[in-house]
Amino acid sequence: SVSGVEGITVDPVARRVYWANTDVDKISFANLDGSGGQDINTGTANVDGPTGVAIDPPAGRIYWVHSTGVSFAQLDGSAAGNLNTTGATVQDAGGPAIDAAAGRIYWANDGGNVISFARLDGTGGEDLSTPESTLAGPNSVTLVEKPTAAGAPAITGKRATGSTLTCSQGTWAPDVIPAFLYRSPLRFAFQWSRDGKDI
């Protein structure tokens, strides 16, 4: 289905693009190689005017926001349901983003002028406190976190005069593009020192 498309995300690993069809209450995908696509099996989950989608790749699950809440479906079509959003505002919701490690999905409330979240374990949610920010009709969210180290930098070379030492950049947790979560470093720098003084 391609009707009243709102909210789109790309999974570069699965090589698919996903979107919400707000006019026909369906969630769909197409293969990036042009070989076609289909509607996601949403079972009994609520798909009332969906306005945004995000994917949790490790869980194999797609989430969408709609007029009354947040719902999900397994990408393999095996299960679907509605997420408990008790305690959070859901008013003209849009643009979800997922932080799977924190166990949360966030969304913007265009009608409520607030950013909200729900816990992925189904225990409800909350509205974020944003006292120093002006929220006027927000319609999407993106999560930007400080870079997360996955492996320390390593120094190679011999401890001898005249030996060349090199330092690797280490490894970092990757961005999760289909979840709208960005945490990879843009730059990397290091400083050599000798006896506690920079050289």
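Asp23 sits in the loop that connects strand S2 (16–21) with strand S3 (26–31), where strands are DSSP runs of type E with at least two residues, numbered from the N terminus. This is a predicted model, in which local features need pLDDT of at least 70 and side-chain atom pairs count only at pLDDT 80 or more, while totals for chains, interfaces and linings use all residues. Residues are numbered from 1 along each chain as its sequence is written, and side-chain values use heavy atoms, with hydrogens and water left out. With a relative accessible area of 55%, Asp23 is exposed, given that exposed means over 50% relative accessible area, buried under 20%, and partly exposed in between, with a 1.4 Å probe and protein chains only.

- The phi angle of Asp25 is near 55 degrees, a positive value in a residue other than glycine.
- As background to that angle, most residues other than glycine have a negative phi.
- A patch is made of residues with over 30% relative accessible area and no salt bridge, like charges being joined within 9 Å and nonpolar side chains (Val, Leu, Ile, Met, Phe, Trp, Tyr) within 5 Å.

- Strand S7 (residues 69–74) is mostly covered, since six of its six residues are buried.
- On one side of S7 the buried residues are Gly69, Ser71 and Ala73, and on the other they are Val70, Phe72 and Gln74, which leaves both faces covered.
- Strand S6 (residues 61–66) pairs with S7 in the antiparallel sense over six bridges, where pairing requires that DSSP finds at least two bridges between two strands.
- Within this pairing, Tyr63 has Phe72 of S7 as its bridge partner, and two residues link S6 to S7 in a hairpin.
- S7 is also joined by four bridges to strand S8 (residues 80–83), and these two strands run antiparallel, with Ser71 standing opposite Asn82 in S8.
- The hairpin of S7 and S8 has five residues between the strands, and Gly77 in its turn has a positive phi of about 80 degrees.

- Strand S10 (residues 104–109) is largely enclosed by the rest of the structure, because five of its six residues are buried.
- Strand S9 (residues 93–99) is joined to S10 by five bridges, the two running antiparallel, and Ala97 has Tyr106 in S10 as its bridge partner.
- Four residues lie between S9 and S10 in their hairpin, and Gly103 in the turn has a positive phi of about 70 degrees.
- S10 pairs with strand S11 (residues 114–119) in the antiparallel sense over six bridges, and here Tyr106 stands opposite Phe117 in S11.
- Asn113 lies in the loop between S10 and S11, has a positive phi of about 55 degrees although it is not a glycine, and counts as partly exposed at 38% relative accessibility.

**The salt bridge**

- The structure holds one salt bridge, the term meaning a side-chain nitrogen of Lys or Arg within 4 Å of a carboxyl oxygen of Asp or Glu.
- Arg119 forms this contact with Glu126, and the closest N and O atoms are 2.7 Å apart.
- Arg119 is partly exposed at 21% relative accessibility, and Glu126 is likewise partly exposed, with a relative accessible area of 36%.

**A nonpolar patch**

- Val144, Ile177 and Tyr182 make a nonpolar surface patch of about 270 Å², accessible areas coming from the Shrake-Rupley method with a 1.4 Å probe and, for residues, with only the protein chains shown as cover.
- Tyr182 lies in strand S18 (residues 181–182) and is partly exposed, with a relative accessible area of 30%.

**Separations along the chain**

- Asp198 lies in strand S20 (residues 197–198) and is exposed, with a relative accessible area of 60%.
- The C-alpha atoms of Asp198 and Leu128 are separated by 42 Å, the two residues being 70 residues apart along the chain.
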